[in-house]
Amino acid sequence: MDKEFFRQKLLERKEELEEILREIKRDLSGVSRCEVKDEGDEMSLFMEKYRSEQLYRQQSAELREVEEALRRLEKGTYGICEMCESPIGEERLKVKPYAKYCIICKEIIEREGR
Ligand SMILES: [Zn+2]
């Protein structure tokens, strides 16, 4: 497996996510300073804030996964399923470089709703 390729991919994604998170943070802190004219404004502001916060949670969860994957690369356990310890297919890693589980275990986990 070309580890450098995946390291590069992970680092790129990490930078991307950090940039997105910075932007959302900026947006969120800007919202409170905006002038609220009426209840309609307040509502849409609230919705916007809600969406931003959700996005923020999603993106920071992904960032954690990416950082974990980078640590696994350092430890030499990258690309190995955490459940069954068999190698995660390279095709799968290309689509999702921070995948923790092989496709079979992932399906089991999703079916169990964990
Ligand atoms: Zn597995």
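Cys105 is buried, at a relative accessible area of 6% (buried is under 20% relative accessible area, exposed over 50% and partly exposed in between, with a 1.4 Å probe and protein chains only). The structure is a predicted model in which local features need pLDDT of at least 70, side-chain atom pairs count only at pLDDT 80 or more, and totals for chains, interfaces and linings use all residues. Residues are numbered from 1 along each chain as its sequence is written, and side-chain values use heavy atoms, with hydrogens and water left out.

Cys81, in the loop between α2 (39-75) and α3 (90-95), and Cys105, in helix α4 (residues 103-112), are 24 residues apart and link distant parts of the chain. Helices are DSSP runs of H or I with at least four residues, numbered from the N terminus. Cys81 is buried, with a relative accessible area of 2%. Over the whole structure, 0 disulfides are found (pairs of cysteine sulfur atoms within 2.5 Å).

The search of the whole structure gives 12 salt bridges, each defined as a side-chain nitrogen of Lys or Arg within 4 Å of a carboxyl oxygen of Asp or Glu. One of them joins the side chains of Glu74 and Arg7 at 2.8 Å, N to O. Glu74 lies in helix α2 and Arg7 in helix α1 (residues 3-31), so this pair ties together parts 67 residues apart in sequence. Glu74 is exposed at 60% relative accessibility, whereas Arg7 is partly exposed at 21%.

Other pairs lie within a single helix. Lys14 and Glu18 meet in a salt bridge of 3.4 Å, N to O; the two residues are 4 residues apart in helix α1, about one helical turn. Glu18 is partly exposed, at 27% relative accessible area. In helix α3, Glu91 and Lys94 are 3 residues apart, about one turn of the helix, and their closest N and O atoms are 3.9 Å apart in a salt bridge. Glu91 is exposed at 57% and Lys94 partly exposed at 34% relative accessibility. A network of salt bridges links Glu65, Glu68, Arg72, Glu82 and Lys100.
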